[in-house]
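Here's a quick look at a protein model, one heading at a time. Keep the structure open while you read.

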Amino acid sequence: MTKLLEQAVEAARNLSPDEQDDIARMVLRLAGTDDEPPVPLTPDEQAAIATSKAAAARGEFATDEQVRAVWAKHGL
């Protein structure tokens with residue numbers, strides 16, 4: 001186990017049992033060892049991902065200013 005993962009587990013020990021279970025489910029899902037089937041993407045979601053991958057392949061990325069504007073819009 002890496003030091004960072006050990007730190008994350010230690011931090012989780014201070015959370016409520018429900019929060020610990022939420023984290024455990026996410027870790028299991030990310031590790032691919034949960035019993036949940038993958039959530040299928042809708043055709044619109046598949047198209048959006050394809051559009052994003054094509055833009056990335058062309059080197060088209062948001063500017064720092066555009067990213068800050070989106071964060072500000074959502075209060076981040």
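## Starting with Leu-15

Where is the place of Leu-15? Leu-15 sits in the loop between helix 1 (3-12) and helix 2 (17-31). Helices here are DSSP runs (H or I, at least four residues; strands are E, at least two), numbered from the N terminus.

With a relative accessible area of 33%, Leu-15 is partly exposed; that label lies between buried (under 20%) and exposed (over 50%), using a 1.4 Å probe and protein chains only. Leaving aside neighbours within four places in sequence, Leu-15 is in contact with Gln-20 and Ile-23, contact being heavy atoms within 4.5 Å. The C-alpha atoms of Leu-15 and Thr-33 are separated by 23 Å.

## About the model

This is a predicted model, where local features need pLDDT of at least 70 and side-chain atom pairs count only at pLDDT 80 or more, while totals for chains, interfaces and linings use all residues. Residues are numbered from 1 along each chain as its sequence is written, and side-chain values use heavy atoms, with hydrogens and water left out.

## The overall picture

The protein has 4 helices and 0 strands. Its radius of gyration is 18 Å, well over the 11 Å that the globule rule gives for 76 residues, so the protein is more spread out than a compact globule. That radius is taken over C-alpha atoms, and the rule is 2.2 Å times the number of residues to the power 0.38. Of the 76 residues, 3% count as buried.

## Helix 3

Just after helix 3, Gly-59 takes a positive phi of about 80°.
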